[in-house]
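Dear colleague,

Please find below the structure for your review. My notes on its aromatic contacts and on one helix follow.

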Amino acid sequence: MTSGSEIEVHPAFEKLRSHRIGTLDITVEEYRHRKTGASHLHLASDHDENVFFVALRTFPMDSTGVAHVLEHTALCGSEKFQVRDPFFMMIRRSLNTFMNAFTSSDWTAYPFASKNRKDFDNLLSVYLDSVFFSKLDPLDFAQEGHRLEFETPDDPSSPLVYRGVVYNEMKGAMGSATAQLWQGLSSHLFPTTTYHYNSGGEPDQIVDLDYDDLVQFYRHHYHPSNAFFVTFGNIPAHEHQAKFEELALCRFDRQEIDLPVRDEKRLFSPVRVDQAYAVSEGEETKDKTHIVMGWLLGHSFELQENLEGHLLAAILLENSASPLLRALETTDIGHAPSPLCGLEDSNREMTFVCGIEGTEPGKHDDLEKLIEGVLEQVATEGVSQDRLEAILHQLELEQREIAGDSFPYGLQLIMSAISPMIHGGDPVELLDLEPVLAEMREKIRDPAYVPDLIRRKLINNPHRVTLTLRPDDQIESRRQSAITDALAKRKAQLTEQETTEIVERARALEARQHREDDNSILPKVDLTDVPLRMPEPEARFSGDFPATLYAQGTNGLVYEQIVLPLPPMNRDELLLLPLYTTCVTEVGCGEQDYLQMQDRMSAESGGISASLSARGKVDDVQDLSGYLIFNGKALARNREALTRLLRDVINGARFDETGRIREIIAQVRSRREQAVTGSGHALAMGAATQGLSPGAWLSYHLGGLEAIRGIKALDSALEDTNELDRLCQRLADLHGRMQKQQRQFLAVGEQDQLEPMVAEIKACWPKAGQDAGERWNVEPVDYRTSQAWLTSTPVNFCARAYSTVAPDHPDAAALTVLGGFLGNGFLHRAIREKGGAYGGGASQDSSNGTFRFFSYRDPRLADTLADFDAALEWLQVEDHDGQKLEESILGVIGRMDKPLSPAGEARHDFQNRLFGRTVEQQERFRQRVLAVTLDDLKRVARTWLVPEKASTAVITSPEQRANAESLGMAIEEL
């Protein structure tokens, strides 16, 4: 990598500075566009996964969702790419490793990533044109934002309804009590600034957004003078800048953009607020109230303020040994700490939040006294030096770790830098924490430092809001009645011309949705750009000791796994596994209680966990094998401590702290209940596939809808202390069985760390354990399902599934390609564009031998299920373009080649070896994917996707019970 003095700069830009960050192995280069003042931050790295990110400051001053609707609409066609949907079309024509757009509270961003240079340049041209030269067609606004339509679009005698993608997305998002809790708290902590409003949009206010307001917002905010470009990777900054200049910036001059950027006016005394959220009519409301307290702190972009905020949150809430989290977990005021607990530092000014859920409306006094008492105690007694050192150790580890298993690593770094860029701070400071941590280590030596922090930021800070959010089983019916009455009144007032305009707009939108655009104007990669194969990490083995080693560039971290084959278990033991894996690393160990173990883990590691991994054979999904995996990571200097920590947990975890286990189960219940709003499509697919293979059955019972119902029943039963004692004994018995299993080990780190790691593992585990003996298995399953799961939700999640084939079956490749082909060619238009759902699609899950259709945050139910069947008919009767097939093949290859973190690559390869996924089998599948034909797609659909053999599951509201029953579905209560 070149030094700062040798960096080439494009003449349209001026270089401001260059700063090397050794701990991240990047050089941060900062530039400014001479003519417009646009900022460009380049994170120069040897990584070949290059990332582009452009953000605009967007400050909505209402809750119509204007910034969010604009984010959607801007991607629906532009000056150079005048097609209906370039964003989704490019997803299909690309080898991208990430493509998306985000609406934050005060910025909107458009990021993508790719390892292929041609693909990167293609995406860059489309993104720049979409952001700075968007068409903003009124029909796209109607589709993506909201529109008034007759329920039967061409029948003016049918009722008026609201439709739109963002409208339904936000109905689903704001159907979550947690989302309402955060929005309610924010609106009172920020009474006068942009954070008072819901930037995503409140459904009842989205319908007030006018197209002209959208255009005006775009013209005001989407200008290079208000833009922040950030790039990461091995493409030099000047090459990016040449593209920025040529494709966009050369057409603009500097513009002064007036935005309402200001600090919030401070409160002089705490505020209490009481609000309600909707639950289903007749639903039990006992113990369903949330109470939170929030404080407004200092600027997020001032490094000292930011780190003090993180230190404060970690002292109070990092783990169960932290004083405030411990108090919230053990109090009888409520069932579990609020999911909002922690520091929010993405806004201009930070907020600290703590609270409880599963309580009653009158408990706010008790909660305030509890929290104030803990704060006063910490301020009086201080915090031990060891505890403070452990917190700084966690900050160091988080900064050093190269993540990227779910999100490109470069994008994670960019997300750390964007907030200070947007708000006027120094992004380099927040990326280069090493010198600041050294300063912080000196500060914490002063025993008065932390007590002063607690008093200044919290105890003596009057800008505080206590919000009570209570359940109301009438609020939704009142809201729906108000909407129905307003729409009926509006319909009665329609003139003949207005009626005609509504019908004609619906016809025009449908015609536009069915129009076949000339997609040749969009750039693309093709199959000749696909690498023949991807490099595999090299595994090494430690002689006759059962350890697999990977030398990876982990930036000073080590990773260790201990893998145990599951012993034979009866059904009750099997269903206990998720609770066991949650509890085993959260309880006491040997002579140390759980609080001491929490402190030890924080001081010596980046955390340890336990998980279950189960898969069928590559040629038989009915033949399942499974493993219990203990995971840990640490800074290299703590590698020996990590090995001992894992050993002590396996050898010494104890299940006699009944109060602790009771708390954990209450928290698990809370997390699982909240999963429905965000993961409803996955839960519906899990329910639809439950009877099609043992792996699917296991997922449904251990982590799906049945698991949610099960944990609710268990949590209620544990009010009986005898039941709790029995549960703890069962967990202890299960752990005793696990301890006897034969062990194998995974070690990941830099080359010079591996031999010492293996030596330490051997010292801790002189024997690898008993022979595995009898194999664990789950009985084969084969039954069909038709279920409607009822819960409090304003939108639906629909799924339909079929039994198909295992990964190494010759048809697996065609079925995998078929998922994208149906999604791109039919389901996206039918379910999202026409139906108004936030998302929908289809996919093959070869690990479980199932093919699944799904919809997400969907206003429809029966019509969506009909569209799943219509997609199969469309496949057989229509003539299809070979280009669409190539796009679907590219999508499969792109997912297969998506890069992981260095540690993630090693873990993935190890898992493949564990379950017999050899390099040869993966290469065979890749070649089969590349060879798929249109005839193959039709053949495998006829063979495996027979509607009469389908299984169906939906998640819907109690109001849809009759509708679901009319479709022949069995009703299940969550």
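**Aromatic pairs and a covered helix**

The structure, which is a predicted model, holds 34 aromatic pairs. In one of them, the ring centres of phenylalanine 112 and tyrosine 127 lie 4.9 Å apart with the planes at 65°; the pair is therefore edge-to-face, as the angle is over 60 degrees. Because phenylalanine 112 belongs to strand β7 (residues 107-114) and tyrosine 127 to helix α3 (residues 117-132), this pair ties together parts 15 residues apart in sequence. Phenylalanine 112 is buried, at a relative accessible area of 0%, and tyrosine 127 counts as buried at 3%.

A further edge-to-face pair is formed by phenylalanine 232 and tyrosine 409, with 6.1 Å from centre to centre and 90° between the planes. It links distant parts of the chain, 177 residues apart: phenylalanine 232 is in strand β10 (residues 227-233) and tyrosine 409 in helix α14 (residues 409-423). Phenylalanine 232 is buried with a relative accessible area of 1%, and tyrosine 409 also counts as buried, at 6%.

Phe112 and Tyr127 are also members of one aromatic cluster, which includes Phe87, Phe120, Phe133 and Phe252. Over the ring of phenylalanine 133 sits the charged end of arginine 251, 4.0 Å from the ring centre.

Helix α24 (residues 694-703) is mostly covered, with eight of its ten residues buried. Among these are Trp697, Tyr700 and His701. The elements covering the buried residues of α24 include α20 (571-583), β21 (620-635) and α23 (658-689).

Yours sincerely

Definitions and conventions
Residues numbered from 1 in each chain as written. Predicted model: local features only at pLDDT ≥ 70, side-chain atom pairs only at ≥ 80, totals over all residues. Heavy atoms only, no water. Buried < 20%, exposed > 50% of the residue type's maximum accessible area, 1.4 Å probe, protein only. Helix = DSSP H or I, 4+ residues; strand = E, 2+ residues; numbered from the N terminus. Contact = heavy atoms within 4.5 Å. Phe/Tyr/Trp six-rings, centres within 6.5 Å; stacked < 30°, edge-to-face > 60°. Lys NZ or Arg CZ within 6 Å of the ring centre and 35° of its normal.
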